[in-house]
Every structure is written in structure tokens, then in C-alpha cells.
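Student: I am new to this structure and would like a close look at a single part. Please take the salt bridges and explain them in one connected account.

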Protein chains: 4
Amino acid sequence: MKVAIVGSTGYGGVELIRFLIHHPGVEITSVISASSAGESIAAGYPHLNQILMDTLDGVDPAEMKAKADVVFTATPSGVSTKLVPQLLAVGLKVIDLSGDFRLKSGEQYEHWYKHEPAPAELLQSAVYGLSEWYGKDVVGVPFISNPGCYPTAALLGLGPALQAGWIDGDSIIIDGKSGVSGAGRGVNLTSHYAEINENLKPYKVNRHQHIPEIEQVLQDVHGKPVTVTFTTHLTPMTRGIMCTMYAKLNGSYADHDFVQLYSEHYAGRRFVRVRPEGTWPATKEVYGSNYCDIGFSVDKRTQRVTIISVIDNVVKGAAGQAIQNLNLMMGWDETTGLSYVPVYP
Amino acid sequence: MKVAIVGSTGYGGVELIRFLIHHPGVEITSVISASSAGESIAAGYPHLNQILMDTLDGVDPAEMKAKADVVFTATPSGVSTKLVPQLLAVGLKVIDLSGDFRLKSGEQYEHWYKHEPAPAELLQSAVYGLSEWYGKDVVGVPFISNPGCYPTAALLGLGPALQAGWIDGDSIIIDGKSGVSGAGRGVNLTSHYAEINENLKPYKVNRHQHIPEIEQVLQDVHGKPVTVTFTTHLTPMTRGIMCTMYAKLNGSYADHDFVQLYSEHYAGRRFVRVRPEGTWPATKEVYGSNYCDIGFSVDKRTQRVTIISVIDNVVKGAAGQAIQNLNLMMGWDETTGLSYVPVYP
Amino acid sequence: MKVAIVGSTGYGGVELIRFLIHHPGVEITSVISASSAGESIAAGYPHLNQILMDTLDGVDPAEMKAKADVVFTATPSGVSTKLVPQLLAVGLKVIDLSGDFRLKSGEQYEHWYKHEPAPAELLQSAVYGLSEWYGKDVVGVPFISNPGCYPTAALLGLGPALQAGWIDGDSIIIDGKSGVSGAGRGVNLTSHYAEINENLKPYKVNRHQHIPEIEQVLQDVHGKPVTVTFTTHLTPMTRGIMCTMYAKLNGSYADHDFVQLYSEHYAGRRFVRVRPEGTWPATKEVYGSNYCDIGFSVDKRTQRVTIISVIDNVVKGAAGQAIQNLNLMMGWDETTGLSYVPVYP
Amino acid sequence: MKVAIVGSTGYGGVELIRFLIHHPGVEITSVISASSAGESIAAGYPHLNQILMDTLDGVDPAEMKAKADVVFTATPSGVSTKLVPQLLAVGLKVIDLSGDFRLKSGEQYEHWYKHEPAPAELLQSAVYGLSEWYGKDVVGVPFISNPGCYPTAALLGLGPALQAGWIDGDSIIIDGKSGVSGAGRGVNLTSHYAEINENLKPYKVNRHQHIPEIEQVLQDVHGKPVTVTFTTHLTPMTRGIMCTMYAKLNGSYADHDFVQLYSEHYAGRRFVRVRPEGTWPATKEVYGSNYCDIGFSVDKRTQRVTIISVIDNVVKGAAGQAIQNLNLMMGWDETTGLSYVPVYP
């Protein structure tokens with residue numbers, strides 16, 4: 001399987017390279033960058049020196065078609081909207097890592113993303129690739145929309161309890177914390193080291209574009225509309241997302257009930273690890289890996305449950321899940337090329 | 001005013017020194033450490049070299065009485081319980097930074113702290129020094145119990161809205177995040193650099209001993225019992241606490257209403273800064289200072305408000321507020337010796 | 001004394017504000033920014049909220065003259081060259097924090113800074129304000145060139161030994177390490193959090209523009225030309241510079257000899273602290289303060305001495321020393337408004 | 001090949017696990033810990049949850065012999081001295097990661113390590129496994145002493161130039177900087193987050209036990225005794241070592257000469273990457289990988305060369321090189337199970 005990567009010089013792009021270079025079913029045949037075409041990728045990313053010395057290609061659908069079977073588009077919002085239709089038109093399979101095809105409603109997209117939406121039929125045709133929930137739906141399809149980083153952590157953590165009816169769908173609060181790589185390699189004051197280090201900073205409070213994505217899936221799981229309160233914080237670390245989630249309990253469930261429910265729900269899904277009762281995951285425990293770890297704390301005093309899920313935002317929240325989706329799309333084992341131990345410490 | 005500091009070799013202790021050494025109304029006459037008596041404080045804290053070269057005294061109430069008028073006890077929980085009565089007995093004024101005298105109920109103390117409580121009459125006599133709420137109560141008293149770090153941030157942020165009846169007392173969720181200095185200078189695996197750096201780690205979820213302290217004050221403000229959901233996270237930074245707080249609105253209030261309510265409530269209180277509408281505070285913006293900054297985000301979609309407050313846990317969350325309480329106790333301006341600009345970046 | 005600050009929105013500028021706002025002999029009458037004139041300084045620096053709410057002025061020498069007696073120019077290299085002559089022409093006193101007036105040779109300036117140099121007579125008239133070495137020379141002068149951050153740490157550390165003839169002037173190697181704030185608030189890939197965190201990165205090896213500044217002063221101290229090897233490293237921290245310096249010994253000196261030599265040399269100079277034998281300074285031990293701490297290690301095996309000096313690059317390496325120079329210029333005690341305890345931890 | 005790991009709960013131990021678990025020629029048959037025998041390794045290292053759920057074995061040579069062919073001893077200095085002879089006696093192959101068998105002279109060991117040395121014949125029989133220099137010597141041997149972290153970085157960087165006679169062996173200065181993981185998982189004040197973060201701290205200046213190890217190999221390369229000046233600094237990061245090395249040139253060599261010399265010397269050795277002229281490596285560019293990257297800067301002004309080498313101290317500086325040595329010992333390709341892309345950012 002020949003793959004091309006658009007947006008190779010972003011953090012999502014180089015992370016795709018890190019995994020795909022060792023993937024037994026894949027050959028990287030084109031690394032593509034609109035801004036750095038003609039340069040060596042290793043010039044901008046010296047860690048790739050003597051590992052991947054390719055020159056970056058420009059964005060040319062016909063050339064991609066000549067070189068590749070599948071294209072990963074790790075492009076900013078607003079770019080994929082225009083590029084993906086061209087790639088599909090020439091017969092390429094596409095796994096899109098931007099947010100442009102996650103929302104089924106173009107209106108919602110425009111409201112939250114402040115860009116013009118893709119055509120409605122394209123939005124409908126994109127299969128939302130939250131692997132552990134929609135893995136069957138992506139088999140054999142030509143076009144997958146890869147989930148956002150926060151939605152991946154939030155939805156894997158909330159899904160089973162909401163589906164089981166254990167928590168009140170109107171009571172969900174998601175306190176999200178992310179490392180800085182989630183904002184990409186672009187330079188601006190909010191990624192400046194001296195502004196981030198020894199600092200914890202809220203952003204886009206109640207305004208994050210991942211809100212409608214989370215609600216869309218929760219509605220699908222719950223069977224009726226769900227609205228969530230969602231706050232995001234920039235945390236002084238490079239990688240990692242944690243969602244600390246709060247909900248009212250619909251019954252008298254204990255920690256071990258949650259452990260059991262989730263263990264059964266995710267049985268056989270290697271990349272979701274349910275933590276033993278009384279323990280909670282930390283972001284470093286999934287560093288550099290495709291795992292999503294989940295822990296619970298029921299509070300009898302308040303009849304609420306606290307659900308904590310962590311991922312590496314660049315892996316399970318982007319490149320790793322995209323490759324997991326490629327595996328599922330192709331009918332391969334979903335762990336192929338992805339089963340690495342987290343880097344600790 | 002001569003002051004002694006018990007627990008001078010802890011982070012709270014050296015921070016008291018940092019401020020008191022320049023305080024115009026105060027002279028440090030004894031720095032005390034049970035574990036390091038006889039050593040130079042600058043040996044363990046070279047930043048004090050040529051600034052404070054005192055030898056550490058042992059813990060001896062009679063000697064303290066001979067040297068000082070007021071004692072700050074920056075001691076671990078369980079130690080103050082025993083020490084403070086002796087200090088009061090010899091006629092010293094005491095400002096206690098441990099948690100031993102914050103809860104009025106000995107039973108609650110025992111339940112959450114797992115230590116034997118102080119005698120009931122002592123618990124009753126301690127005045128809880130949340131300066132902006134109980135500043136009048138500490139004037140002239142001999143014994144102040146200094147608030148905890150999380151409670152300070154949480155209560156300053158929740159108080160005005162709850163008192164005004166704008167939020168539902170049964171709906172309060174507090175997502176707390178703290179830097180590592182909050183756990184003190186003691187060495188253990190959870191303060192090991194390699195375990196904390198590039199990591200975000202929940203701890204004591206629904207079990208933190210600051211829960212009853214928060215609830216006790218909220219009940220006082222609200223006029224009836226309040227239970228809160230409270231989660232704490234260890235964040236990869238040295239200083240800083242952020243409380244992100246969620247509550248249901250009892251009416252149709254906008255961000256600017258909150259800004260106005262809080263600005264009026266805290267008018268004249270220099271150390272609480274209400275952020276302009278649409279902006280939220282970051283921990284670094286109060287670094288090294290006694291400020292508590294508060295911002296708001298009302299979500300019309302969910303009829304909830306998100307209130308975000310930040311402090312420097314070692315200053316407003318410990319040493320700074322203790323000195324603010326000394327100032328209030330003595331009838332001085334509350335900002336005396338404390339009005340420093342945050343260190344940024 | 002009325003002071004204006006050009007470049008108030010840079011890190012050097014806000015640090016000047018942090019100290020000057022409490023300086024008993026000074027009133028800040030104008031904060032100036034070419035790029036942000038008309039905006040509130042607190043908008044870009046929320047930590048100044050309710051502390052300094054001034055609107056930023058534009059760069060206008062006549063207006064500065066109307067408002068101020070002394071101007072601090074915390075401007076990028078190449079800007080001061082043009083601005084300072086105008087300020088001096090209208091009769092303002094100037095303390096320049098850029099590198100534009102540190103080198104006496106315009107040719108050297110052009111070679112290392114790649115800008116056109118200031119006129120030769122201006123370069124000659126600027127008094128180089130390494131306070132502990134040239135403090136007498138700055139008294140009463142109208143124009144001071146404030147030293148660079150690395151040169152301050154390096155020269156305070158090397159000066160006494162070189163002057164005493166204890167070390168070989170041809171053998172000096174300086175291994176410099178700096179926090180990221182040294183590069184200013186400008187955004188670019190080398191200040192991006194994800195590129196700096198968990199990273200140690202050399203830059204400008206043998207090419208740093210501080211090399212000729214160091215050599216110029218060492219020549220003055222030594223009495224003959226000195227060339228040094230100087231390497232700089234970007235370290236994952238916000239503040240702090242350490243220079244680890246190596247030189248051959250000209251005789252048989254022990255650690256305690258160095259401690260004594262330096263203690264005597266810097267006797268009475270409050271901001272240089274010589275460390276006791278067998279101990280070395282760490283950058284955090286001077287964090288936020290104007291101290292320069294120095295330690296030694298003689299190696300009998302190699303007949304070399306290792307001298308280690310640390311400063312806070314934004315304070316002693318920029319704003320703090322500039323204020324120290326103001327104090328000296330005015331005949332005030334050099335510690336006025338600067339004698340704060342380092343912020344630790 | 002069945003392998004056992006003594007010291008599995010240290011950072012070197014878990015890093016061995018991270019690589020060996022995917023090594024095609026190896027099966028981990030026993031994870032061993034003197035202090036935590038009987039516990040699950042995943043209890044102390046939750047990142048291994050559902051990946052390696054083994055119970056830790058105690059230290060029992062006979063049991064090791066029954067379970068394994070090769071033992072990695074990732075034990076503290078002083079422990080291997082006693083344990084390794086027992087393992088060799090029962091016929092196990094041993095790769096020792098402690099420092100106990102690196103020095104050929106027991107006297108030197110005692111002087112620098114302050115422990116009793118191993119018997120002289122054992123010190124002689126241990127083959128020093130600096131893979132790129134002594135790879136041929138380890139083929140087929142039963143007992144390899146794995147190099148220290150600093151020596152690996154320093155020796156790979158200095159070796160070719162010294163061997164070629166390009167640098168003066170009496171002029172070598174090594175400025176070493178290390179992340180905190182190098183000191184292991186043991187808890188003490190110098191690994192406390194609040195003491196390390198935003199701090200740069202020298203330690204063991206001219207006294208580090210890696211000095212004689214470096215000199216022993218340099219003497220072997222140079223053909224006559226070499227003494228070096230070696231300073232070590234604790235850097236606020238978890239992983240990574242950089243050695244910045246200075247030496248006088250014996251002739252007129254330029255950067256590109258060094259690039260060529262080193263490229264030829266290390267031709268075919270995948271884990272040493274020579275950087276292109278005018279660029280220098282950063283520690284993050286080898287993060288989590290077995291690479292050692294080397295760059296150069298000749299200074300015509302001073303006739304010195306600055307050589308900069310970086311490794312991940314836990315990988316090439318410990319576990320990775322140990323596995324590389326296993327590969328060489330067994331006659332396998334040295335990259336087997338080790339050829340991962342560095343984790344960036």
C-alpha cells in the first residue's frame with residue numbers, strides 16, 4: 001500500500017511518518033508540503049536525518065494519484081474542504097485529519113469553524129473514524145474523517161456509561177487539558193515557551209470547535225440530543241490530553257461497576273485500557289503511544305461520577321488513530337504498526 | 001513586631017521569609033525547624049545566602065515567647081494540633097498554616113485528615129482567615145487558621161455568585177489543578193521530576209481533605225449545606241493553582257453581569273482582580289504574588305457558568321495570605337509588605 | 001526622577017516596570033512601544049492588570065523629553081543606533097539595553113551584528129555599565145550602555161582571576177547556557193514550546209555577538225588582547241543564564257584561594273555573592289533577583305579551574321543591572337529598588 | 001533467546017523492557033527486582049498495564065539460570081560487583097549496566113566510586129561495550145560491561161578526532177549536561193520537581209566517576225595517557241545528554257573536514273549520525289532512540305574545535321546500547337529491535 005502525506009511538516013504529519021516508516025503494510029511514497037515543497041524534510045526535522053531524506057513534494061492531486069493509493073491529509077481547517085474532493089475525484093482513498101469533515105451539518109461547521117463548509121454530500125459520505133466506536137463502518141470505505149483530539153479522549157471516556165444509561169446526558173461537564181503540540185507547529189504568542197512554561201492557561205472556554213463534534217457523537221450514542229459544557233486548558237507540556245468528565249449518576253453504581261462495564265465494552269480493543277478500581281491514568285503513561293487509558297471515581301456524597309481519560313494528542317488524537325483507521329479500512333489488524341510501548345519516563 | 005517561623009525549611013516557610021524580610025512592620029527574630037535545628041538556613045536554601053544567614057532554632061515554646069510576639073506555624077498536619085496550644089498558652093499570637101484548625105468539626109477533621117483532632121474549644125476559637133471574606137473577624141484576635149490553597153482559589157471564585165443566589169448550590173463542580181510545590185519539599189515518587197515533567201496526573205479524586213473546608217465556608221455563605229465535587233490534578237509546574245468551576249445558573253446572567261457583581265463585591269480589595277469580560281486568567285499572571293485573578297464564561301447553551309480563578313499556591317495559597325492576615329490582625333493595611341508585581345514571564 | 005521606557009512590551013521592558021514601579025526614587029511617566037502605541041500595556045500583559053493601566057505611547061523624542069528625565073531603551077539591535085542620538089540631542093539621559101553601543105569599534109559591531117554601527121563618537125561616549133567593574137565611571141554620565149546578559153555572567157566570573165593573573169588569558173573557554181526569555185517575546189520556531197521543552201539546543205556556536213563584548217572587557221582587565229571560545233545553548237527554562245568557564249591556572253591555587261580572592265574583590269558589592277568552597281550556584285537561586293552568584297572548582301589533575309556564574313538574564317542580565325546603573329548614575333545606593341530575595345522555588 | 005532483567009523497576013530496566021518486548025530474537029522470561037519482588041511490575045509502572053503484567057521475581061541466580069540465557073543487570077554501583085560473579089558462575093551471559101566493571105583498575109574504581117572493587121580478573125574479563133568502537137570485541141563473549149551515559153556521548157564525539165591526531169589530547173574539556181532520569185528513580189532532593197524545574201545546576205564538578213572511564217578509553221584511542229576536565233550539569237528535562245567538547249587543533253582543519261572524517265569513521269554504523277556542516281544536534285532530536293548525533297564548529301580565531309554530541313541517556317546511554325551489545329554478542333545486526341525513529345516533538 002503506497003501512501004502520501006499532505007502536511008508532512010506539521011506535527012501530525014511527522015508523527016504519521018514516525019509510525020508509517022515501520023508499518024509492515026505500507027510504503028511512504030510522497031511527503032507533501034504546500035509551504036516547503038522542494039526542501040528536504042530532514043532539513044526542518046533533523047531527527048529524521050538519515051532516516052527519511054525525501055524531498056517534499058508540492059500539492060498536486062495528479063502526482064499523488066501517480067504515486068500513492070491512500071492519502072493522509074494532515075492539513076489545517078479550511079484547506080481539506082477544497083483539497084479532499086480533488087483527491088477523491090482522481091480515485092484516491094483519503095484519511096483526513098483536519099476538522100473539515102467531522103460535522104454532518106455544514107451550518108454547524110460554519111458556526112464553529114468560521115469557514116465555508118464542504119458540500120453536504122461530501123460531509124455525509126465521510127465516515128467518522130472513532131475506531132473503537134465506528135470501526136466496522138470504516139471497513140472498505142474510500143474516505144474517513146479522523147476524529148479530533150479532545151473528542152477522542154472525551155467520547156471514549158463517556159460513551160459506554162451514556163450508552164448504558166448510567167449517567168444523565170444533560171449533566172455532562174468536560175474539563176479538557178492539552179499539551180502545546182495540539183496547536184501545531186505554527187508560531188504565535190500562545191506557543192511561545194516563556195508564555196507557556198510554568199503556566200496553565202484556559203482558552204476558548206465554551207467556544208471550542210470540538211464541542212459540536214462531541215455532541216454529535218454523544219447524540220448518536222444516547223439516542224437524543226446532548227449538550228455539554230466543555231472547557232479547554234493549555235498545559236505546560238508538549239504531548240498529552242486529559243479529559244476530566246463529570247456527570248450525574250442515574251443509579252447507584254460503584255467504581256468497580258464502571259471498571260466492569262468499560263472492560264466489557266472495550267474487550268478486545270487493544271488501545272483502550274481500563275484502569276483498575278481506585279487508580280486514574282496520567283498523560284505520560286500513554287506518551288508516544290496509541291493508547292487511551294480511562295479511570296473512574298464515583299462520589300457517593302454527590303451522586304456524581306468523575307471519569308478521567310488520557311491520550312497522546314499527536315498519536316491516538318491524530319496520527320495514530322488515522323493509521324488505526326487505515327488498518328481497519330484495509331481489513332488489517334487494527335494494531336498493525338502501532339503497538340508500541342509508551343515512552344516512560 | 002517580632003515574628004518567629006516554625007517550619008522555616010518548608011516551601012511555605014521560606015516564602016514567609018521572602019516577604020517578611022522586607023515587611024516594614026516586622027522583624028524575623030527566629031527561624032525554626034524541628035529537623036534541621038542548629039544548621040544555617042542558607043545551607044539548605046542557598047538563594048538566601050548573604051540575605052538571611054540565621055541558624056535554625058529548635059521548637060521550644062518558651063524560647064519563642066522570649067524572642068517573638070507572633071508565630072507562623074508552617075507545619076505538617078498533625079503537628080500544629082499539638083504545638084499551637086502550647087504557643088497560645090505562653091501568650092503568643094499564632095497564625096497557623098497547617099490544616100489542623102480549619103474545620104470546626106473534629107469529626108470531619110478525623111474523617112478527612114486521618115489524624116486526631118485538636119480539642120473542640122480550640123477548633124472553635126481559631127478564626128478562619130480567608131482575608132477577603134473574613135477580614136473583619138481576624139482583627140485583634142490571637143489565633144488565625146490560614147486557609148488551604150485550593151479553598152482560597154475556589155472560595156474567592158464561588159463566593160459572590162453563591163451569596164447572590166445566581167448559581168445552584170447543589171450543582172457545583174470544582175476542577176482543581178496545582179503545581180508541585182503544593183505538596184511541599186518532602187521527597188517521594190510523586191514529586192520526582194521525571195515522573196511529573198511532561199505529565200498531568202489526577203490525585204485524591206473526590207477524597208481531598210480540602211473538600212470539607214470548601215463546603216464549610218460555602219455553607220456559611222449560602223446559608224445551607226453545600227456538597228461539591230472536587231477533583232485535583234498535579235500539573236507540571238512549580239507554582240500555581242487554577243480552579244475551573246462549573247455551576248448551573250439560577251437566572252439569565254451574562255459574562256458582564258458576573259464581572260460587575262464580582263468587581264463590586266471585591267471593590268477595595270487589592271488582591272482580588274476581576275478579569276474583563278471574555279478573558280480568563282492564567283496562573284503565571286499571578287506568579288510570585290498575592291493576587292487572586294478571576295474570570296467568567298457563561299454558556300447560554302447549557303445555562304451553566306464557568307468560573308476560573310488562579311493564585312500562586314505558595315503566596316495567596318499560603319505565606320502571602322498568612323501575612324495578609326497578620327496585617328489585618330494588627331490593623332495595618334492588608335497589602336503591607338505584599339504589594340509586589342507578579343514575576344512575568 | 002521621571003523615567004520613560006522604550007520597548008515596554010518586550011520582556012526587558014516589563015521587567016523594568018516590575019522593579020521601577022516600587023523604586024522609591026522613580027516615577028514611570030511613559031511606557032512606549034513602536035508596535036503597540038495606543039493600546040493598554042495590561043492588555044498584552046494581564047499580570048499588570050490594575051497595577052499599571054497606562055496606554056502605550058509612540059516613539060517621539062520630543063514627547064519623551066516633555067515627560068521624562070531618563071529613558072531606558074529596551075529596543076532591538078539596530079533600532080537604538082538611530083534612536084539614542086535623538087534622545088541625547090534633546091537632553092535626555094539614556095540607559096540603553098540594546099547591544100548597539102557596547103562595542104567601541106564600529107567595525108567589530110558591523111562584523112558581529114550585521115547592522116550599520118552608530119557614529120564613532122557616540123560609541124566612544126557610551127559608558128559600559130558593568131556595575132561592579134565600572135560603577136565609578138557611570139556616576140553622573142548622561143549615557144550608559146548596559147551590558148549583555150552572557151557578558152555580565154562571564155565577566156563577573158572571570159574578571160578577578162584574570163586581573164590577578166591567576167589564569168592564562170589564552171586558555172579561556174566559556175560554555176554558556178540560557179533560558180528562552182533571553183531571545184525576547186518575538187515568535188519564531190526556536191521559541192516554540194514544543195521545540196524547546198525536553199530539549200537542549202546549541203546555537204550560534206563560535207558566532208555569538210557577545211564574543212567581542214566579552215573580549216573587549218577582558219582585554220581591558222588583562223591589559224592585552226584576549227580571545228575566548230564561547231558556546232551558547234538554549235535550555236528548557238524561561239529565565240536564567242549560567243556560564244561554566246574553564247581556564248588554565250598560572251599557579252597552584254586552591255578553591256579557597258578563589259573564594260577569598262573573589263570575596264575581597266567584590267566586598268561591599270551586594271549583588272555578587274561568592275559561594276562557599278565546594279559549592280556551586282544554580283540558576284534558580286537567583287531567580288527574579290539582581291544577584292550574580294559565583295562558585296569555583298580547581299582540578300589539580302588538569303591544572304585548570306572551573307568557574308561557574310549564574311544570573312537571571314532578565315534582571316542582572318538586563319533590567320536589573322540597568323536600574324543598578326541608574327542608581328549609580330544618580331549617586332544613589334546601587335541596591336535601591338532592587339534588593340529582592342530570589343523567588344524560590 | 002531468553003532474557004532476564006535485574007533492576008526492572010529502575011528507569012534503565014523499564015527501558016530495556018520497552019525495546020526487548022518487540023525484539024524479534026528475544027523473549028523476556030523474568031523481570032527481577034530486589035525491592036519489589038512479588039509485586040506486579042505494572043503496579044509501579046502503569047504505562048505497562050496490559051502490555052507486561054508479570055510479577056517481579058527476586059534476585060536468585062539459580063532461578064535466573066533456569067529461566068534465562070542472558071541477564072541484563074541494571075543495578076546500582078556496588079551491587080553488580082557481588083551479583084555478576086554469581087551469574088557468570090552458573091553459566092549465564094551477562095550484560096552489566098552498572099559502572100562496576102568499566103574500569104580496568106580496581107584502585108581507580110575504589111577512588112572514584114567509593115566502593116570495594118570487583119576482583120581484578122573479573123575487571124579484566126569484562127569487555128567494554130562501546131558498540132561503535134569495540135563492537136568486534138564483544139562478539140561471542142559471555143560478559144559485557146555497558147558504557148556510562150556521559151562516556152558514550154563524549155567518546156563517540158572525541159574518538160575519531162583524537163585517533164586521527166587532529167586535536168591535542170592535553171587540551172580536552174568536556175561540558176556535560178544531563179536530564180534528570182540519569183540519576184534514576186530514587187527519591188531525593190536533587191530529583192524533586194520544584195528544585196529542578198526552571199533550574200540549571202552543576203554537580204560533581206571535576207569529581208564525576210565517569211572521568212576515569214572516559215580517560216581509560218581515550219588513552220586506548222590516543223596511545224598515551226589523557227586527562228580531561230569534565231563538568232556535569234543537571235538540566236530541567238527528563239531525558240537527554242549533551243556533551244559540548246573543546247580541544248585545541250593540531251592543524252588547520254575546517255568544519256567540513258570534521259564532517260568528512262567522522263562520516264568515514266562511522267560509515268555503516270547506523271546509530272551515529274554526523275550532522276551537516278554548520279548545524280549542531282539537539283537532545284530532542286534523538287529522544288527515545290538509540291542515535292548519537294554529532295556536530296562541529298571550528299573556530300579559526302582560537303584554533304579550537306567545539307564538538308557537540310547528544311544521546312538519549314536512557315537509550316544509547318543505557319538500555320539501547322545494552323541491547324545493541326546483545327545484538328553484537330549474538331552476531332545479529334546491531335540495529336535489531338532498536339531502529340525506531342526519535343519521538344519528536
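**Salt bridges within and between the chains**

Tutor: Over all chains, the count comes to 64 salt bridges. The model is a predicted one, and each contact described below should be read as a feature of that prediction.

The account may begin with a pair inside one chain. In chain B, the side chains of B:E132 and B:K316 form a salt bridge, with 2.7 Å from N to O. This pair joins distant parts of the chain, for B:E132 lies in helix α7 (residues 131-138) of chain B and B:K316 in helix α12 (residues 315-330) of chain B, 184 residues apart. Both B:E132 and B:K316 are buried.

Attention now turns to C:R301, which takes part in two of the contacts described here. The side chain of C:R301 meets that of C:D299 in a salt bridge of 3.8 Å, N to O. C:D299 has a relative accessibility of 5%; because buried means under 20% relative accessible area, C:D299 counts as buried. C:R301, by contrast, has a relative accessible area of 33% and is therefore partly exposed, as this value falls between the limits of 20% for buried and 50% for exposed.

The other partner of C:R301 belongs to another chain. D:E215 forms a salt bridge with C:R301, and their closest N and O atoms are 2.4 Å apart. This contact crosses between chains: D:E215 is in helix α10 (residues 210-222) of chain D, whereas C:R301 is in the loop between β12 (292-299) and β13 (304-311) of chain C. With a relative accessible area of 10%, D:E215 is buried.

Salt bridges may also be joined into a network. In chain A, such a network links A:E15, A:R18, A:R239 and A:D312.

Finally, the arrangement of chains B and D deserves a place in this account. Chain B is superposed on chain D by a rotation of 180° with 0.0 Å of shift along its axis, at an RMSD of 0.0 Å. This is the relation of a two-fold axis. Among the residues of chain B, B:Y193 comes closest to the rotation axis, with its C-alpha at 2.0 Å. The same surface serves both copies, since 100% of the contact residues of chain B recur in chain D.

Technical notes
Residues are numbered from 1 along each chain as its sequence is written. Chains are lettered from A and ligands numbered from 1 in the order in which they are written. This is a predicted model: local features need pLDDT of at least 70, side-chain atom pairs count only at pLDDT 80 or more; totals for chains, interfaces and linings use all residues. Side-chain values use heavy atoms; hydrogens and water are left out. A salt bridge is a side-chain nitrogen of Lys or Arg within 4 Å of a carboxyl oxygen of Asp or Glu. Helices (H or I, at least four residues) and strands (E, at least two) are DSSP runs, numbered from the N terminus. Buried means under 20% relative accessible area, exposed over 50%, partly exposed in between (1.4 Å probe, protein chains only). Copies are superposed by least squares on the C-alpha atoms of residues with pLDDT of at least 70 in both. Contact means heavy atoms within 4.5 Å.
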